[in-house]
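Student: Hi! I have a new structure to look at. Could you walk me through it?

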Amino acid sequence: SDLVDADGHLWTWGFNDAGQLGDGTTEDKSIPTQIGGDSDWSEPISSRQYDWTPQWWSPTSSFYNCALKISGSLWCAGDNWSGNFGNGTKWNASQTFIRSGGDSATYQRVSVGDGFMCGIRSGADSGTLWCWGAGVGRGSAVPVQVGEDGSWASVEVGEDHACALKS
């Protein structure tokens, strides 16, 4: 699990077998642990590991976690098995939060699924929809724009699907 406190600090806790808590270890944490000293985090985004058993629906069992900073930059930690970090790599894990979703891209909204993500960009590409990871083409490790429209308002990703609404 993860949260951003009122002062903009990122806190994580739970299972950490893939380094998904971003604290530089693979040790599980039963209490919230502050990640670094940055105070410019805006929104935590936990992935979900889908399985038919109910206990797997908890974000604390996810294999990677991501968070947005106030600037709109996306950062992820944990398992990157399918290119789900969108940084051009696959199969590597990071035990600390690294820049994700494209080198200089910023996002107003991001949703994560089982090995892939979709996000609506802010800035120069504001309102455009991008997806990356498993199931995007043959599994893209870099963001791929969905269509050419720039009027996307929201996106939600599930186990193996994504739905988005236009404004």
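Tutor: Happy to! Let's begin with a term: a disulfide is a pair of cysteine sulfur atoms within 2.5 Å. Numbering the bonded cysteines of the protein in sequence order, the pairing is 1-2, 3-4.

Student: Before we go on, what kind of model is this?

Tutor: This is a predicted model, where local features need pLDDT of at least 70 and side-chain atom pairs count only at pLDDT 80 or more, while totals for chains, interfaces and linings use all residues. Residues are numbered from 1 along each chain as its sequence is written, and side-chain values use heavy atoms, leaving out hydrogens and water.

Student: And what is the mean pLDDT?

Tutor: pLDDT is the predictor's confidence in each residue, from 0 to 100. The protein has a mean of 87, with 90% of its residues at 70 or more. Residues 50-61 have a pLDDT below 50; that stretch still has 20 contacts (heavy atoms within 4.5 Å) beyond near neighbours in sequence.

Student: How should I treat places where pLDDT is low?

Tutor: The predicted coordinates should not be read in detail there.

Student: Back to the disulfides: how many are there in the whole structure?

Tutor: A search finds 2. Cys66 and Cys76 form a disulfide with sulfur atoms 2.1 Å apart. Cys66 lies in strand β5 (residues 64-69) and Cys76 in strand β6 (residues 74-80), 10 residues apart. Strands here are DSSP runs of E, at least two residues, numbered from the N terminus.

Student: Why is the disulfide of Cys66 and Cys76 called right-handed?

Tutor: Because the torsion about its S-S bond is about 105°.

Student: Which residue is joined to Cys118?

Tutor: Cys131, again with 2.1 Å from S to S. This pair links strand β9 (residues 116-121), which holds Cys118, to strand β10, which holds Cys131.

Student: Are those two buried or exposed?

Tutor: Buried means under 20% relative accessible area, exposed over 50%, and partly exposed in between, using a 1.4 Å probe and protein chains only. Cys118 is buried at 1%, and Cys131 is buried at 9%.

Student: What about Cys163?

Tutor: Cys163 is in no disulfide; the nearest cysteine sulfur belongs to Cys118, 9.9 Å away.

Student: New topic: which charged end sits over the ring of Trp130?

Tutor: That of Arg121, 3.7 Å from the ring centre. Likewise, the charged end of Lys166 sits over the ring of Trp152, 5.1 Å from its centre. To count, NZ of Lys or CZ of Arg must be within 6 Å of the ring centre and within 35 degrees of the ring normal.

Key
Helix = DSSP H or I, 4+ residues; strand = E, 2+ residues; numbered from the N terminus.
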